[in-house]
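Please look over the sequence and the structure before reading on.

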Amino acid sequence: MNKVALTLRVNGRAHEILVEPRKLLSDALREDCRLTGTHVGCEHGVCGACTVLVDGSPARACLAFAVQMAGREITTIEAIATDGRLSPLQQALHEEHGLQCGFCTPGIVLTFEAYLKEHPDPSEKEIREVLSGNLCRCTGYHNIVAAIRKAAAQMQEGGAHVAP
Ligand code: FES
Ligand code: FES
């Protein structure tokens, strides 16, 4: 299949890449942009491991073609820590032991960086509802929920640091 030239804007940087029109965004990020923090699990929109932000909103990178992203701004997990400093959510996941293998973690971080920006004081029920879109095979979710609640509280106290 013929490849097409594409400018993919990721984390504030333009990547000039050459891709087949059928290439998934998740694969283009990993293979062409060398940003392997975006994980690929189910490849059909169920597990949430591939979640990135597209123009600030969470999206499944395995459900989009890279060529659909022309003119869009993509944010991946690589852009969430700044100047070597973890975001409050990343720090809370670390402190609350909210991950084991870490495979699901980038997707969870991106989902909730965006969610907490719009919902700064979510209930546990709301957190669990949103979290149902990100499958974790290791943790049992309890510590992830605790970490998200901790991050929300800290961000409300003034340590806000969320993705664009
Ligand atoms: S890899 Fe995209 S939702 Fe599972
Ligand atoms: S920490 Fe292993 S899948 Fe979630």
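## Helix 2 and helix 3

Helix 2 and helix 3 cross each other with right-handed geometry. The structure described here is a predicted model. Two packed helices are described by the angle between their axes and the distance between the axes. For helix 2 and helix 3, the angle is about 135 degrees and the axes lie 10 Å apart. Helix 2 is therefore oblique to helix 3.

Several residues form the contact between these two helices. Helix 2 contributes Leu-89, Gln-90 and Leu-93, which meet Thr-105, Val-109, Phe-112 and Glu-113 of helix 3.

In soluble globular proteins, nonpolar side chains tend to be buried together. The largest nonpolar core of this model has 24 residues, and the members that touch the most others are Leu-89, Phe-112, Leu-116, Ile-144 and Ile-148. At least two residues of this core come from each of helix 2 (88–95), helix 3 (105–118), helix 4 (124–131) and helix 5 (142–159).

Phe-112 illustrates these contacts: leaving aside residues up to four places away in sequence, Phe-112 touches Leu-89, Ile-127, Val-130, Leu-131 and Ile-148. Another core, of 19 residues, lies apart from the largest one; Leu-29, Cys-50, Ala-64 and Met-69 are among its members.

Five strands form an open sheet in the order 2-1-5-3-4, and their pairing is mixed. Strand 2 (13–19) and strand 4 (57–60) are at the edges with a single partner strand each, so one side of each has no neighbour in the sheet. On average, and with direction ignored, neighbouring strands of the sheet are turned by 40 degrees against each other.

Strand 3 (residues 51–54) and strand 5 (residues 73–75) run antiparallel and are joined by two bridges. Within strand 5, Ile-74 stands opposite Val-54. Helix 3 packs on the sheet, where it touches strand 3, strand 4 and strand 5, and its direction makes about 35 degrees with that of strand 3.

## Lys-23

The loop between strand 2 and helix 1 (25–32) contains Lys-23. Is this residue, Lys-23, buried or exposed? Its relative accessibility is 18%, and the cut-off for a buried residue is under 20%, so Lys-23 counts as buried.

Not counting residues up to four places away in sequence, Lys-23 touches Ala-28, Glu-31 and Asp-32, together with Ala-64, Phe-65 and Ala-66.

Conventions
Residues are numbered from 1 along each chain as its sequence is written. Chains are lettered from A and ligands numbered from 1 in the order in which they are written. This is a predicted model: local features need pLDDT of at least 70, side-chain atom pairs count only at pLDDT 80 or more; totals for chains, interfaces and linings use all residues. Side-chain values use heavy atoms; hydrogens and water are left out. A nonpolar core is a set of buried Ala, Val, Leu, Ile, Met, Phe, Trp, Tyr and Cys residues joined through side-chain atoms within 4.5 Å. Buried means under 20% relative accessible area, exposed over 50%, partly exposed in between (1.4 Å probe, protein chains only). Helices (H or I, at least four residues) and strands (E, at least two) are DSSP runs, numbered from the N terminus. Contact means heavy atoms within 4.5 Å. Two strands pair if DSSP finds at least two bridges between them. Axes are lines fitted to C-alpha atoms, for helices over the stretch in contact, and angles run from 0 to 180 degrees between N-to-C directions. Angles under 35 degrees count as roughly parallel, over 145 as roughly antiparallel, 65 to 115 as roughly perpendicular and the rest as oblique. A crossing is left-handed if the near helix is turned anticlockwise from the far one by less than a right angle, and right-handed if clockwise.
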